[in-house]
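Have the structure open while you go through them.

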Amino acid sequence: MDISLNDLVNQCFKAIQDRIRNLRNFNIVVTGKTGVGKSTLINSMFHGNMADTGIGEPVTKEIQKHSKPGCPLVIYDTPGFELTKGQTENVKRDILKLIETGVESRDVNQMIHCIWYCVSVTGDRTFDGGELEWIKDLTSSTAKTKVPVIVVLTKAYDMDDAKVMKNQINAYNLPIAKVVPVVAQDKSFNGGAYIVRACNLEILLQVTSQCIPEELLDTLQHVQKVSLSEKKNRAHAAVATAAAAAVATGASPIPFSDAALLIPTQVTMIASITAIFGIEINKGILTALVSSTLGSAGATVLGKTAVSNILKLIPGVGTVAGAVISGSTAGVITTALGEAYILLMEKMFLGEISAQDLEGERGRQIISEAFKQRLKKR
Ligand SMILES: Nc1nc2c(ncn2[C@@H]2O[C@H](COP(=O)(O)OP(=O)(O)O)[C@@H](O)[C@H]2O)c(=O)[nH]1
Ligand SMILES: [Mg+2]
C-alpha cells in the first residue's frame with residue numbers, strides 16, 4: 001500500500017478539481033431600482049467582480065444573467081429597473097417565469113434559491129409608497145413558490161435611518177426571510193473628513209446561508225469573499241466528518257504498513273476544504289502540505305518511518321510500542337492534517353502567505369508547526 005508523495009499530490013489535485021466542478025450552482029436574483037447598489041453589493045460579496053459591466057447576458061428584456069465558466073454562481077440582475085407601473089408587472093412576470101422554469105427542471109442547479117430585494121436607505125427615513133406596494137406584490141407572488149426573499153437595505157451609511165426603515169418594513173409582516181441593512185463599500189463624506197466602513201455583509205451572508213438548501217452551503221462558501229470565519233466554520237465541519245470516518249477506518253486497528261488506508265478520507269477532506277475556501281491551488285502548495293505533514297520528499301507518504309515519527313508526537317501513543325494505529329490515533333492524525341491545511345488556507349486568504357512562500361522553507365515550517373501542535377493537543 002505504498003504511496004509516493006507525487007501520487008498523493010496528484011490524487012489531491014484531481015479530487016479538488018472534481019469537487020469544485022461538482023459543486024451545485026447557486027442561483028440568486030438580485031433586484032431593486034437602478035442605482036440602489038446592486039452591482040456594488042454583488043462585487044463586494046462574491047469573488048470575480050461578477051457584476052462588472054460587459055459580462056451580463058440578457059435573459060429577458062428586464063433580466064440579465066451574470067455567470068463565469070467554472071464558477072458555480074449565477075446572478076440574475078434587473079439592471080434598468082425604474083419601478084414604473086408597466087415595468088413592475090414585466091419584472092414580476094419575468095422573475096416568476098425564471099422561478100417556474102427552475103422548478104420545472106427539477107434540477108437544483110437550475111432552481112432559483114434566493115432573492116435579494118435591494119432598497120437604498122434614504123436620508124428622509126421614509127419608505128416610498130410605490131416601493132412598498134411593489135415589495136408586497138413581489139413577495140406575495142414569490143412566497144407561493146417558496147423562494148426566500150431577503151430585503152437588503154443598501155447604502156446604510158446612517159444605521160439609525162436604516163433601523164427606522166427596517167422597523168417600517170417589519171411592521172407589514174411581509175412573507176420575507178429578513179431585512180438586512182448593509183454598506184457594501186466604504187463611503188467617504190466631506191472629502192474624506194469621515195468614512196463609513198463597509199459593514200454587515202457577513203450578516204447578509206449568514207442570513208442567506210440559513211435560507212438556502214444544505215446542499216448549496218459549500219457553494220456559497222466557495223463564492224463568497226466577505227467572511228473568513230464562515231469559511232472556517234464550514235471547513236472545520238468537513239474536518240470533523242473526515243476525522244469520524246478515519247476513526248471508523250481504524251476501529252479495527254490498522255497495521256502500520258496500512259496507514260495509507262486513511263488516505264482516501266484525507267484526500268476528500270483536503271478537496272472539501274479547498275472548495276470551501278475558493279482559493280486557487282497548485283501542486284506546489286499540495287506538495288508543501290503533504291511533505292511537511294504526512295511524509296517527506298522522496299519517501300513514501302504515511303510509510304513506516306513517517307508514521308512512527310508522527311506517532312512519537314502524539315502524547316500517550318508514541319510511547320506504546322504498538323505496531324498498529326488505533327481508531328482514535330487515526331482521528332487525531334486526520335484532524336491535525338485538516339487543521340494545518342485550514343491554517344494554510346486562512347493565511348493565503350488573508351494574503352499573509354503566498355504560493356511562492358510555500359516553495360521555500362517558511363511556508364513548510366508554518367504547516368509543519370501547525371500539524372505538530374495539533375497532534376500534541378489530542
Ligand atoms: N461608497 C459606496 N457607494 C455605493 C454603495 N452602494 C452603491 N454605491 C454607489 O451607488 C452608485 C450606484 O450603485 P450600483 O451598484 O451601480 O447600483 P445598481 O444600479 O443597483 O447596480 C454607484 O456610484 C456606487 O458606487 C456602497 O455601499 N458604498
Ligand atoms: Mg447594476
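1. Let's start at the ligand: a polar backbone atom of Gly 35 sits 2.7 Å from an oxygen atom of ligand 1. Bear in mind that this is a predicted model.

2. An N or O atom in the side chain of Lys 155 is 3.1 Å from an oxygen atom of ligand 1. With Asp 186 it's a backbone N or O atom, 3.0 Å from a nitrogen atom of the ligand. Taken alone, ligand 1 exposes 570 Å², and the protein buries 71% of that.

3. Who else is around? Ligand 1 has 15 residues around it, and those that come nearest are Gly 35, Lys 38, Ser 39, Thr 40 and Ala 184. Helix α2 (residues 38–45) supplies the largest share of this shell, three residues. Sorted by class, the shell holds six polar, five charged and four nonpolar residues.

4. Now for the largest pocket, which holds about 390 Å³ of space. It is lined by 19 residues, with Ile 20, His 222, Gly 278, Ile 279 and Glu 280 closest to its centre. The elements giving two or more residues to that lining are α1 (5–21) and α7 (217–223); α1 gives the most, four residues.

5. What is the pocket lining made of, by class? There are 10 nonpolar residues, seven polar and two charged. Both domain 1 (24–223) and domain 2 (227–376) contribute, each with at least three residues in the lining.

Note on methods:
Residues numbered from 1 in each chain as written. Chains lettered and ligands numbered in written order. Predicted model: local features only at pLDDT ≥ 70, side-chain atom pairs only at ≥ 80, totals over all residues. Heavy atoms only, no water. Near = heavy atom within 4 Å. Polar contact = N/O pair within 3.5 Å; in protein donor to acceptor, adjacent residues only side chain to side chain. Areas by Shrake-Rupley, 256 points an atom, 1.4 Å probe, with all protein chains shown as cover. Nonpolar A, V, L, I, M, F, W, Y, C, P; charged D, E, K, R; others polar. 1 Å grid on protein atoms, 1.4 Å probe; cavity = no way out; pocket = protein on both sides within 12 Å on 5 of 7 lines; lining within 4 Å. Points joined across faces, edges and corners; volume = space filled by probe spheres on them. Domains from an automatic or database assignment.
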